[in-house]
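Dear colleague,

Please read the two together when you have a moment.

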Amino acid sequence: MEESPAISFGEEQESLVLKSWTVMKKDAAAVSLKFFLRIFEIAPSATRLFSFLRDSNVPLDKNPKLKSHAMAVFAMTCESAVQLRKAGKVTVREATLKKLGDTHSKFGLVDEHFEVVKSALLDTIKDAVPDMWCPEMKTAWGQAYDHLAAAIKAEMKPLPSS
């Protein structure tokens with residue numbers, strides 16, 4: 001496997017991400033649920049991508065499986081962002097990245113899906129830390145997310161054409 005080039009993520013970007021994540025972490029369960037609810041607000045059809053939502057009559061904001069999934073995704077995204085400068089790469093375990101790549105391939109996710117998630121993430125962070133939010137923070141989080149999305153996409157196998 002060839003080594004990917006080191007990611008450039010500056011000290012100021014790291015600081016903005018770290019400061020906001022430190023604040024959001026205190027209420028991560030609520031913030032992460034808002035993140036997923038925002039995804040479904042932007043793209044209501046996205047609920048069909050989650051088996052635990054397709055067969056459930058539980059409202060989204062009360063669904064324990066969604067809460068758990070949202071927390072895992074949000075925490076991984078934020079922790080990955082915080083590590084970018086130190087590591088110079090996305091630090092999600094390779095096995096986890098492969099699994100994410102396989103899962104996202106299986107459901108036929110495309111770039112537009114990743115853009116919806118990015119938009120929801122930025123909206124959620126802006127709402128969670130309004131006093132800190134600024135164009136530089138938006139850029140830092142956007143870049144951090146783009147690096148994680150690129151790492152997941154790199155593990156996605158193209159779907160066989162029918």
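This is a predicted model: local features need pLDDT of at least 70, side-chain atom pairs count only at pLDDT 80 or more; totals for chains, interfaces and linings use all residues.

Residues are numbered from 1 along each chain as its sequence is written, and side-chain values use heavy atoms, with hydrogens and water left out.

The protein chain has seven helices and zero strands, where helices (H or I, at least four residues) and strands (E, at least two) are DSSP runs numbered from the N terminus. Of its 162 residues, 39% count as buried, a term that stands for under 20% relative accessible area, with exposed meaning over 50% and partly exposed in between (1.4 Å probe, protein chains only). The accessible surface comes to about 9,500 Å², and 55% of that belongs to carbon and sulfur atoms; the areas come from the Shrake-Rupley method with a 1.4 Å probe, and for residues only the protein chains shown count as cover. Among contacts (heavy atoms within 4.5 Å) with a separation of 6 or more, 76% are between residues 24 or more positions apart.

Turning to the helix pair, the axes of α6 (residues 111-128) and α7 come within 10 Å and cross at roughly 150 degrees, the axes being lines fitted to C-alpha atoms, for helices over the stretch in contact, with angles that run from 0 to 180 degrees between N-to-C directions. The residues of this contact divide into nine nonpolar, one polar and five charged, where Ala, Val, Leu, Ile, Met, Phe, Trp, Tyr, Cys and Pro count as nonpolar, Asp, Glu, Lys and Arg as charged, and the others, Gly among them, as polar. Lys118, which is one of the α6 residues in the contact, counts as buried at 17% relative accessibility, and it touches Gly142, Tyr145 and Asp146, not counting residues up to four places away in sequence.

The largest nonpolar core has 44 residues, of which Met24, Phe36, Ile39, Phe40, Phe74 and Trp141 touch the most other members; such a core is a set of buried Ala, Val, Leu, Ile, Met, Phe, Trp, Tyr and Cys residues joined through side-chain atoms within 4.5 Å. Helix α7 gives the largest share, nine residues. Leaving out residues up to four places away in sequence, Phe74 touches Trp21, Met24, Val31, Ser32, Phe35 and Leu121.

Ser20, in helix α1, is buried at 0% and, leaving aside neighbours within four places in sequence, is in contact with Val129, Met132, Met137 and Trp141. Ala140, in helix α7 (residues 135-155), also has a relative accessible area of 0%; with the neighbours within four places again left aside, its contacts are Phe9, Gln13 and Val17, and its C-alpha is 8.8 Å from that of Ala81, 59 residues away in sequence.

With best regards
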